[in-house]
Amino acid sequence: MKVVAFNGSPRKDGNTAILIHYVFRELEKKGIETELVQLADKPVHGCIACEKCGENLDRRCAVKNDAANEYIEKMLGADGIILGSPSYFQDVTPEMKALIDRTGYVSRANGRMFRKKVGGMVVAARRSGAIHTLDTMSHFFLSGEMLLVGRAIGVGREKGEVEKDAEGIELAKSLGQRMAWVLEKLHA
Ligand SMILES: Cc1cc2nc3c(=O)[nH]c(=O)nc-3n(C[C@H](O)[C@H](O)[C@H](O)COP(=O)(O)O)c2cc1C
């Protein structure tokens, strides 16, 4: 079994990534493979509304000049998907929104092709907007008819500061444990 996580922060290996790694550790304890994609390495641009995915029905985005199809491939190949984003002006980063629009729209055009995958969400925030950020990401899972298991919120500003948020770390571990539990039940 495999879980792929997408870190929507433009700051690589920051607080969002740290929280995702706490989720991963719990999954790995149960023998579940993990992969972290940091959108900072290869961001995608937004959907251009060409609607070709609805005509082609090939489970791919018709715009092939960035990594959107690579990310779709990774989602299709995984049993679980985690979306992680810092709160930016009380919402997801543009990198995360572009990922949701590009991959989510292709999924909807192709009969909700991520249906029944297990989902989890992670947010890092300095002070505010975590709930709104989660809400934005939740639509990717709920609209896609996936099984959204839960979320973790960590508090911190500077890189690594989230490590001081013991409750946030516990939430991330708990999310990993629940995702592993659900995946094991589904694939028993
Ligand atoms: C452009 C920008 C906007 C931000 N907006 C918010 C915000 O609205 N609320 C908040 O609590 N933190 C905000 N922050 C702080 C980040 O959410 C916080 O530093 C977070 O830990 C960054 O996670 P990262 O290390 O994964 O990038 C903002 C940071 C930046 C750079």
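How do the residues of the shell around the ligand divide into nonpolar, polar and charged? In this predicted model, the shell holds 5 nonpolar, 9 polar and 5 charged residues. Here Ala, Val, Leu, Ile, Met, Phe, Trp, Tyr, Cys and Pro count as nonpolar, Asp, Glu, Lys and Arg as charged, and the others, Gly among them, as polar. The ligand is surrounded by 19 residues, and the closest are Ser 9, Gly 14, Thr 16, Pro 86 and Arg 126; a residue is near the ligand if its C-beta atom, placed from the backbone, lies within 6 Å of it. Two or more residues of the shell come from each of α1 and β4 (118-125).

Residues are numbered from 1 along each chain as its sequence is written. Local features need pLDDT of at least 70, side-chain atom pairs count only at pLDDT 80 or more, and totals for chains, interfaces and linings use all residues.

Turning to the sheet, 5 strands form an open arrangement in the order β2-β1-β3-β4-β5, with parallel pairing. Strands (E, at least two residues) and helices (H or I, at least four) are DSSP runs, numbered from the N terminus, and two strands pair if DSSP finds at least two bridges between them. Because β2 and β5 (147-155) stand at the edges with a single partner strand each, one side of each is left without a neighbour in the sheet.

Strand β1 (residues 2-7) pairs with β2 (residues 33-38) in the parallel sense over 6 bridges. Val 3 has Thr 34 as its bridge partner in β2, while Asn 7 has Gln 38.
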